[in-house]
Structure formats: structure tokens, C-alpha cells
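Open the model in your viewer and keep the sequence panel beside it. This tour goes stop by stop: select, look, move on.

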Amino acid sequence: MTFTIGLIKASLPSYFPEKHGVFEQAESALGRLVAEEGAQLVVAPDVPMDASQARQAMDAVLAQGADFVILLHGGFTMGDVARVLASYDVPLGFWATPEPSHEGDIQLNNFVSLNMSMSIARGVRDLQASPVRWYFGAPDDAALQGVLRQTIQALGMCTALRGSRIGVVGGLAPTFYNMAVREEELFKRLGVEVEHVDMHQLTQAMTGFAGDAVARELTAMAAAADVDGVSDAQMNLTARMVLALRELAKANRYDALAVSDWPALQQDPGFHPGAAFSWLEEHDQIPVASEGDVMGAVTQLAVKAMTGQVGCLLDMTSPQLAEDRILMWHGGGGPLYLADGRARWINHPMIGRGTEQGPIYGAIADYCFALGPVTVLRIGRSGASRFSFEAQVIKAPESGFTGCRGWVSGFAENGETRSAHDIVGAVLDHGVEHHFVLVSGHWDQVLAEFGEWSNLVTLDIAKRERNIGLSPRQ
């Protein structure tokens, strides 16, 4: 889905944005930035000066699919233009550029206009639920370009989620009550639709694929990661699960899947689908959340819209508070691009453990994360909350448990240093639902703006002196 920005250029004729190239330079700079982000720009044909013309300009860009509208105060702009635009239920930004000089007659007077427009917007719409973002800077200013880019990325996430569909196969894993979701609330808040699929539909579909299709899938999987100790029969079931899930997603237009990977699949057909999840995320860019975690799938969709890549769904597994590090791990699926070196397909290490047969229910991906900056996040509470922090994947004396894993340290929230104590305390006090999604790069500022546009509650990470006896937080 292409994200579209609408630009409306405004000024009174007694000011001179054309003379100073404001309109031309702003449209050109914004057009380049939009193209770099894979979005598109549409521009209103006329310069509105009153309420009627403002309505015509807004209708023109909305008719061309604008998801976000910027009012450029090229020169002083009458208040009824801002009031009309703010009355529309659409994300809105107000932009003004600096004066070309500060002697003689004032040429633009557009900061005063920006001030007035923001004040007017406050009286027209609920800015908590429907923000208006302001911008002040020259079109080629690097800081302004960075802020506009952040807005495009954040609103692109909102647009990607709105209208997305998640297929839930087999429901929630037994007793994982914390991951239950109020589907109507999720749809109302973020526009995400959830549809349930019976597990038997999936397992029956697995048997219907021709041998050559299964063989092609296995060849591709073996080329991407080494098969280490997994039987041919288990790899065959893995490939069949890939084909079945891929077909299910395509036929029903599911943008992501949430699959209960245990215990039913160990009974019939007798395997674990973790490697299938990894391969769909790596090869098809289809997020697959294990254990029926709908909000995990929502978080993965948001990450994909933000970064262009599927994140890795993980547990916060083993904090080492004295060493200021936390192990992020999961024994299920995870995309291979995050690996430090070549990954392996191995037998699931826990399912079947302690039985006569042993851990034979493959397969999963096994790798350590590449070192470097990452962001860890979760959108939770049926689309009402955001929790995130930035960190670094580091080396530690122990590599972590078998599966997809890495030690993270060097924590920060909103540019402020945090400790492992702080992170763990926030997770437990807020009751943040596992799982968490890890993705390469630092994205907390984009996530903060996404949260503002989506009216999410930010679950803050407070500095702490100790890690026990903490009072509950809301």
C-alpha cells in the first residue's frame, strides 16, 4: 500500500512566497524526500485564501488518496484555512519557513501564521486523539528533513496497519492469558482485522502438495541454512507447513499469521513448525507469530512497515542485572537475515525432551544475532499501548540458549540511558505482555511519533535504584 502525502500551499497575495521561491523549493524538497521513502506526493492545484478555497484544496488532495496533508504557510495565511483543514478527520501537519531577510518590509510573516493555525486547530479537534504536527524550517534544512522523514515513516506504519488482516490458526496457546486480545478494540484503534482458522484446515492442507513442490521448498531452505540433524521426514513436514501457510495467507489476504505451534501440531502431524515460520518471514516477508500471539503479529506488521523487514519475535528470557544485559531468545521461528553468520535448521530442543524418542520434533532455526544496534518493542493491550527501548547486541561469555537469540545491553529510551534493572522493572510493573519484537537499527523516535498519531499509551521505563519490591505501575 502506497503512502500518499497531500501538499496545500497557502498565502495572502500581500506576501511573497513566489518571489522568494518558497513554494517551488518546498514542493521540490518534499517530493525528493517522499520518493526516497517510497511514498508519493500530490499537490492541491490552487492557493487557498478563504474557507471555501481551503475546502476545495483539501477535497482535491483527498480525492488523490492523501493519507497525510501538509498545509504550507508560504506567507501569512488566514485562520479560516487552518480551521477548515483541521475539521477534516485526516492526519495533518502545518509547516512554515524562515524569513528570507530581517530588514525592511516583512516578506512572509508565516511563523505568526503557523502560531495562529496551531492555536485554531486546538479549538477544532481533539489534539490528543487526532494530533496536528508542526514544522518550522527551510525546505533544504537537514533537521527539518529528518523530522519530515520521521513523520512519513510513522504515518506509513499507521496506514499499513489500517486495513491489514491477521489469520489466527488454532487460537491462543494454552493458558497464555496475557496475550488474549479484544479484537473489536484492536480494529477500532488500529484498523487491524482478525480472522480465525481451524487448525485442522491447515493440517489437512499440508497433505495436498505434490512431491516436486515440497522438494523445491526444501532445496531453497537448505541453500539458506544448514540442515543439522533433522530427519528427512521432519524437514518434509516443515516444507509442507510452509506451503500450507503461504497458500492460506495468499488465499485470504492475510498480511500476517498468528499460529498456535503447540501442543496440537505435535499430536498431528507430529512436528514443530518453527523453521516454517522462519522461512516464511525470511523468504516471503510474511510475519508469523508463534503461540497465537495476535499483538505479536501486529507488532511485526508495524516493524515491517517501519523498516521494510520482519522483526524477530522473542521472549525476554534471562536478565543478568549485575552485568547490565538481558538475553532475548525464542525457540521458535525467526528470520535468518538477523543471524551472525550462517544459521542452522535443527531439531526443536525441548519438544520431546525427557521422552524415549527424545527431541525429534524439528525443526527450528538456530543462530545468534549479529552485533550492533537494535530496537525491542511491543504494541500491546489490544492496540492501546507501546513499549520500546533501544539497545546493542553484544558478545557475552555464554552464547545463549539454542534457538534465535542474542544478549542486549547499552539500553536507552527516548535518548536517555537506561539499565537492565530499569528495563526489567518496567516490563514487570507494567505487565507488558510477552512476546517482544527485535529489529535491527534504532527506531525509538519513529515509534514515539507512531504512538502519538495512533493515540497509544507509552509504557515508560523509569530509572530505578533496585530490582525488588517495586510498586505496581499502570
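Which residues is K9 in contact with, leaving aside its neighbours within four places in sequence? Select F23, E27, V43, D46, V47, P48 and L72: K9 is in contact with these. Contact here means heavy atoms within 4.5 Å.

Before going on, some ground rules. This is a predicted model, where local features need pLDDT of at least 70, side-chain atom pairs count only at pLDDT 80 or more, and totals for chains, interfaces and linings use all residues. Residues are numbered from 1 along each chain as its sequence is written, and side-chain values use heavy atoms, with hydrogens and water left out.

**Stop 1: around K9**

Stay on K9. It is found in strand β1, residues 4–10. Strands (E, at least two residues) and helices (H or I, at least four) are DSSP runs, numbered from the N terminus. K9 is buried, at 14% relative accessible area. Buried means under 20%, exposed over 50%, and partly exposed in between, with a 1.4 Å probe and protein chains only.

Now show the side chains of K9 and E27. A polar contact of 3.0 Å joins them. Such a contact is a pair of N or O atoms within 3.5 Å; within protein, one must be able to donate a hydrogen and the other to accept it, and residues adjacent in sequence count only if both atoms are side-chain atoms.

**Stop 2: two positive phi angles**

Select R253, in the loop between α9 (232–252) and β9 (256–259). R253 is not a glycine, yet its phi is positive, about 55 degrees. R253 is partly exposed, at 46% relative accessibility.

Jump to D324, in the loop between β11 (312–320) and β12 (325–330). D324 also has a positive phi of about 55 degrees and is not a glycine. Its relative accessible area is 26%, so D324 counts as partly exposed.

**Stop 3: two cis peptide bonds**

Select D268 and P269. The peptide bond joining them is cis, with omega about 15 degrees. P269 lies in the loop between α10 (264–267) and α11 (274–284).

Then pick H434 and H435. The bond from H434 to H435 is cis too, with omega near 20 degrees. Look for H435 in the loop between α13 (420–430) and β19 (436–440).

**Last stop: F136**

Finish on F136, in strand β5, residues 132–136. F136 is partly exposed, with a relative accessible area of 38%.
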